[in-house]
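My entries follow in the order I made them.

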Amino acid sequence: MDKLTAKEIYETMVVGRRFEYAAKEHYMEGKISGFLHLDIGQEALSVAAMKAFDKGDVFTTYREHIMAIARGMEPKAVMAELFGKKTGVSEGRGGSMHLFDPSHFFYGGDAIVGGQIPNAVGCAYARKFQGSEDGVLVLFGDGASNGGAFFESLNIAGAWKLPLLFLCENNRYAIGTEITRVAPFLEQAKKAEPYMPTMEVDGNDAMAVYEAVSQAREYIQKGHGPIFVEAFTYRWEGHSMSDAGTYRSPQELSIWKSKDPIERMKRTLKEHYGMSDEELEAIEKEADAIVEEAVAYADASPEPELSTLHDHLFVSQEVRHALS
Ligand SMILES: Cc1ncc(C[n+]2csc(CCOP(=O)(O)OP(=O)(O)O)c2C)c(N)n1
Ligand SMILES: [Mg+2]
């Protein structure tokens with residue numbers, strides 16, 4: 001990986017983590033309502049996957065703030081969405097779980113566990129039909145890979161050789177359920193083996209995730225059909241903001257905190273790319289400024305007007321005509 005890409009990945013990871021801590025703080029203050037799922041501890045996976053899959057369409061889960069930023073959505077527009085403001089990426093109508101921006105080919109954020117997987121299959125089918133070579137990336141959790149829609153998606157993507165990259169974020173838990181209590185093995189990639197090639201990667205190693213997703217992207221773009229990448233990681237915070245965390249031990253959490261993906265990438269930048277402490281500190285300062293600006297913008301932005309409450313519920317006449 002060239003130095004610029006490595007630096008960019010690190011910068012986005014640092015912004016991402018600070019963004020998440022700021023969101024947590026403002027949730028506690030009551031400025032963000034509804035659900036909020038933090039991605040702290042999983043930044044390497046979220047950022048490096050987006051940077052490696054820089055074209056094509058992306059479908060993902062409700063734990064997607066950092067992915068949206070890494071895809072190019074502005075942190076202030078993402079924060080404004082969390083605050084439910086008109087200037088948010090989904091005009092304040094979606095909130096944390098529904099960050100949506102067709103200009104970045106980013107289609108959420110889905111509150112239904114695994115709901116994004118069949119949507120991505122449909123998109124991959126459409127892209128193949130249109131002759132597009134960019135392909136589609138779908139991210140989902142270990143828990144989602146126990147659902148029926150997941151297996152149906154593997155099946156049809158395999159049968160029709162769709163340009164679809166399945167990326168499983170295995171953080172070992174679905175809310176409080178440890179994956180091996182509800183699946184016969186830890187590695188969810190085993191489920192995909194009859195349908196497509198599979199790869200496993202350390203999800204806390206940004207360099208490795210970038211490499212694996214780049215290889216997988218090339219594979220689907222060459223028209224070989226779907227591929228499955230599983231990245232192992234761990235979330236540091238609760239599942240959402242209401243989670244007492246009684247299902248895991250403090251020891252387990254501290255082992256994973258010692259595998260901090262940001263510290264790891266920082267070491268790589270120092271040791272392999274010769275970056276100085278001053279340069280790295282400047283990145284942290286800049287990240288703080290970006291997040292502060294995002295919060296100030298979200299705070300100052302207006303709420304959507306009440307008169308627009310019923311907008312976007314049904315397809316408009318204009319869209320209907322355009323599609324017919
Ligand atoms: C169809 C459906 N069933 C149950 C839920 C409740 N629920 C929300 S998140 C979640 C756990 C999902 O775990 P996983 O797929 O591993 O993703 P993670 O939260 O770990 O990123 C569940 C069961 C839901 N939102 N949708
Ligand atoms: Mg999980």
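I began with Phe59, which sits in strand 1 (residues 57-59). Helices here are DSSP runs of H or I with at least four residues, strands are runs of E with at least two, and both are numbered from the N terminus. The model is predicted, so local features need pLDDT of at least 70 and side-chain atom pairs count only at pLDDT 80 or more, while totals for chains, interfaces and linings use all residues. Residues are numbered from 1 along each chain as its sequence is written, and chains are lettered from A and ligands numbered from 1 in the order in which they are written.

Is Phe59 buried or exposed? Phe59 counts as buried because it has 27 C-beta neighbours inside 10 Å. The cut-offs are 20 or more other C-beta atoms within 10 Å for buried, 12 or fewer for exposed, and partly exposed in between, with C-beta atoms placed from the backbone. Leaving out residues up to four places away in sequence, I find Phe59 touching Tyr107, Gly108, Gln116, Asn119, Ala120, Cys123 and Val138. Contact here means C-beta atoms, placed from the backbone, within 7 Å. I also checked Phe59 against Gly274: they are 215 residues apart in sequence and 35 Å apart in space, C-alpha to C-alpha.

Next I looked at two residues with positive phi. Glu91 has phi near 60°, a positive value in a residue other than glycine. Glu91 lies in the loop between helix 4 and strand 2 (100-101), and counts as partly exposed because it has 18 C-beta neighbours inside 10 Å. Ile175, also a residue other than glycine, has phi near 50°. Its place is the loop between strand 6 (173-174) and strand 7 (177-178). Ile175 is exposed, with 11 other C-beta atoms within 10 Å.

Then I turned to helix packing. Helix 1 (residues 3-28) and helix 2 (residues 43-52) pack at about 135°, with axes 9 Å apart. Axes are lines fitted to C-alpha atoms over the stretch in contact, and angles run from 0 to 180 degrees between N-to-C directions. That angle makes helix 1 oblique to helix 2; under 35 degrees counts as roughly parallel, over 145 as roughly antiparallel, 65 to 115 as roughly perpendicular and the rest as oblique. On the helix 1 side the contact includes Thr5, Glu8 and Ile9, and on the helix 2 side Glu43, Ala44 and Ser46 are among the residues. By class this contact has five nonpolar, four polar and four charged residues. I count Ala, Val, Leu, Ile, Met, Phe, Trp, Tyr, Cys and Pro as nonpolar, Asp, Glu, Lys and Arg as charged, and the others, Gly among them, as polar.

Helix 1 also packs on helix 10 (residues 261-271), at about 150° and with axes 10 Å apart. The two are therefore roughly antiparallel. Among the residues in this contact are Tyr10 of helix 1 and Met265 of helix 10. The classes come to nine nonpolar, one polar and three charged.

My last entry is the ligand site. Which of the 15 residues around ligand 1 come nearest? They are Val113, Gly141, Gly143, Ala144 and Ala174. A residue is near a molecule if its C-beta atom, placed from the backbone, lies within 6 Å of it. The shell around ligand 1 has seven nonpolar, five polar and three charged residues.

Definitions and conventions
Two residues are in contact if their C-beta atoms, placed from the backbone, lie within 7 Å.
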